[in-house]
Amino acid sequence: MGRKFFVGGNWKCNGTADEVKKIVSTLNEAEVPSEDVVEVVVSPPFVFLPLVKSLLRSDFGVAAQNCWVRKGGAFTGEISSEMLVNLGIPWVILGHSERRLLLGESNEFVADKVAYALSQGLKVIACVGETLEQREAGKTMDVVAAQTKAIADKISDWTNVVLAYEPVWAIGTGKVATPVQAQEVHSFLREWFHTNVSPDVAASVRIIYGGSVTAANCKELAAQPDVDGFLVGGASLKPEFVDIIKSAT
Ligand code: PEP
């Protein structure tokens, strides 16, 4: 079943308005494979979402980096799914390890967010991944299965979900997973979907890799049969993001 290559750029908590405009103009000028071949979504900080949405080429999408777990209201400092929908922001990243680890977001909390965001019509990039300690203890598959199961327990339709496998030890460290390591986890997750959700979801859900992806290492990773694209942090702020998009072909 054809799974369209997906490249997300997570800008994290970076940038000024001028820097953001510069990144957008680089992207707008880039020659990349058509949107039939690759889906590109960039994720600026909340405050720059309207600016990026207004300036960015129409074949690229925009994602928020988080949203509140339920309907908005008296939750100071939070941004609701409804607000993102209202602004025409189609995507949201949920469960990023920086939020799981630094802000204590549990598997259940992330799963509740995914379910609520989907219910409001958002598309979700849901992140899973193990720490170095968990990998060294041989628990990688248990950890990613538990994180994915928490979501599967709360949603029945995976059409609007992209699952990002992001080993925590590879994020922002320059220590990328080898193509073999990435493929091993991606194929485990696809098999997990086959057994625990459905063969159709296993065949169609996009599982993307994140963690120190660069122009130099993306081709080999993209060649793995179960790697359906990337979630890119640091390199998404640089012109090399365009080369990563091009690894779709
Ligand atoms: C991320 O934060 O999602 C990420 C993958 O970061 P980096 O590419 O910088 O490792």
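The model is predicted, so local features need pLDDT of at least 70 and side-chain atom pairs count only at pLDDT 80 or more, whereas totals for chains, interfaces and linings use all residues. Residues are numbered from 1 along each chain as its sequence is written.

Most residues other than glycine have a negative phi.

| Residue | Phi | Loop between |
|---|---|---|
| Lys 12 | about 50 degrees | β1 (5–10) and α1 (17–29) |
| Ser 212 | about 60 degrees | β7 (206–210) and α10 (218–222) |

A residue is buried if 20 or more other C-beta atoms, placed from the backbone, lie within 10 Å of its own, exposed if 12 or fewer, and partly exposed in between. Lys 12 counts as partly exposed because it has 18 C-beta neighbours inside 10 Å, while Ser 212, with 20 such neighbours inside 10 Å, counts as buried.

The ligand is surrounded by 13 residues, and the closest are Asn 10, Ile 171, Gly 210, Gly 233 and Gly 234; here a residue is near if its C-beta atom, placed from the backbone, lies within 6 Å.

Helix α5 (residues 107–119) has 13 residues and reaches 18 Å from its first C-alpha to its last, close to the 18 Å expected at 1.5 Å a residue, where the expected span is 1.5 Å times one less than the number of residues. Its buried residues include Val 110, Lys 113 and Tyr 116, and just after α5, Gly 121 takes a positive phi of about 100 degrees.

Key
Helix = DSSP H or I, 4+ residues; strand = E, 2+ residues; numbered from the N terminus.
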